[in-house]
Amino acid sequence: MIKNIFVNSELEYLRAGWRIGIFILIMAACGFIITAPILYVVKMIPVINTAGTQLFFSYFGITIATALTLRFVDKRPFVSIGLPINKSSMKELSIGLLLGSGMMTLIFVIEYAAGMVHIEFRALTIQQQAGIFFNSFFLYVVVGYGEELLFRGYILQIFAEGSSRLISALFFAVLFAFAHSKNPNASLFGLINVGFAGIWLALAYYKTNALWLPIGMHISWNFFQGFIFGFPVSGTTSDKEQIAKAVQSGAEWITGGNFGPEGGALATLMLVVSSAFIYFSPWITSSTSAWMYGNWRDARRTEVLQRHALSTEPISEAT
């Protein structure tokens, strides 16, 4: 039947591929109707025209698209995307912040101890440093939330429904790397590590069934890399987000060179160790009240079977 091309007959639910297509269309419409006009205004006001502000409104449009798709296509609440607000949320976010910052700190300490790096601070007033701190913090919070919503949010999750978690994680790791391929100083090793980071972040989502852990990891990894230690962040540097510059002298395959630590073997090592920790750690478990596709699928299958049983049950005649 033609209907089976669009609908999973067992669940009586629109198939994953069509839902992803609808989401992309809604996201494009939100970009055109919401994001583009706002960014047009923002770019005419220099005082607020920063990378953080531009990305904030871009990801705002993606958030609206996600909420609309979940509400009208999937018919479930926005928090089911992996953003429940409960007692697990702060714990997962905190663990993520500690993991990302700890990994980047270890990279710096190893390089510093080996004489591969030193930090040169810019001549700035306290007011200038404070402004740069807030710019940097705002930018990396926005990037951490936005990139996780985009790359580990609706599309990855629905893709996993139609294939598997492994295939979905690998596919979006490649997309994540490709999205960074136009960054300054991008290298093959750097893009491989970015792809590996995509798997690391997907693993954090799959282990908790929530986005708080990968969001925390993403935020602190970038913030400590860029603002705290002055490294390039995926090849990018900016005086608006950095008060210092990390001057590296070690082998590029170890340090990452101008792409930043993400282009070096130390980052690979940290990603391997951190991934193993996330996978095996008894402290990282499924988020409280997390929405899980498997549970929903089983409940939906039961509901459909019961509905069919009722519809076929003979009606007894009155005596």
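Residues are numbered from 1 along each chain as its sequence is written, and side-chain values use heavy atoms, with hydrogens and water left out. Because the model is predicted, local features need pLDDT of at least 70 and side-chain atom pairs count only at pLDDT 80 or more, whereas totals for chains, interfaces and linings use all residues.

Helices and strands are DSSP runs numbered from the N terminus (helices H or I, at least four residues; strands E, at least two). Two packed helices are described by the angle between their axes and the distance between the axes. Helix α5 (residues 126-151) packs with helix α9 (residues 212-228) at an angle of about 145°, and their axes lie 8 Å apart. Here axes are lines fitted to C-alpha atoms, for helices over the stretch in contact, and angles run from 0 to 180 degrees between N-to-C directions. Residues that make the contact (heavy atoms within 4.5 Å) include Phe 133, Phe 137 and Val 143 of α5, together with Ile 215, Ile 219 and Phe 223 of α9. By class, this contact comprises twelve nonpolar, five polar and two charged residues. In this scheme Ala, Val, Leu, Ile, Met, Phe, Trp, Tyr, Cys and Pro count as nonpolar, Asp, Glu, Lys and Arg as charged, and the others, Gly among them, as polar.

Burial was examined in two further helices. Among the buried residues of α6 are Tyr 154, Ile 155 and Leu 156. Thr 69 belongs to helix α3 (residues 51-74) and counts as buried because its relative accessibility is 0%. When residues up to four places away in sequence are not counted, Thr 69 touches Phe 23, Ile 26, Asp 74 and Tyr 154.

The largest pocket has a volume of about 590 Å³, a volume being the space filled by probe spheres set on the points, which are joined across faces, edges and corners. Its lining holds 30 residues, and Val 143, Glu 147, Val 233, Ser 234 and Thr 236 lie nearest the centre. Helix α5 gives the most to this lining, with five residues. The lining of the largest pocket divides into 15 nonpolar, eleven polar and four charged residues.

The second largest pocket has a volume of about 280 Å³. Of its 18 lining residues, Gly 230, Pro 232, Thr 237, Lys 245 and Ala 246 are the closest to its centre. Strand β4 (244-248) gives the most to the lining of the second largest pocket, with five residues.

Positive phi values were found in two serines. Ser 234, in the loop between α9 and β4, has a phi near 50° and is buried, with a relative accessible area of 7%. Ser 289, in the loop between α11 (265-280) and α12 (293-312), has a positive phi of about 60° and counts as exposed at 66% relative accessibility.

Methods. Buried means under 20% relative accessible area, exposed over 50%, partly exposed in between (1.4 Å probe, protein chains only). On a 1 Å grid over the protein atoms alone, a cavity is a set of points where a 1.4 Å probe fits but cannot get out, and a pocket is an open set with protein on both sides within 12 Å along at least five of seven lines; lining residues have an atom within 4 Å of a point.
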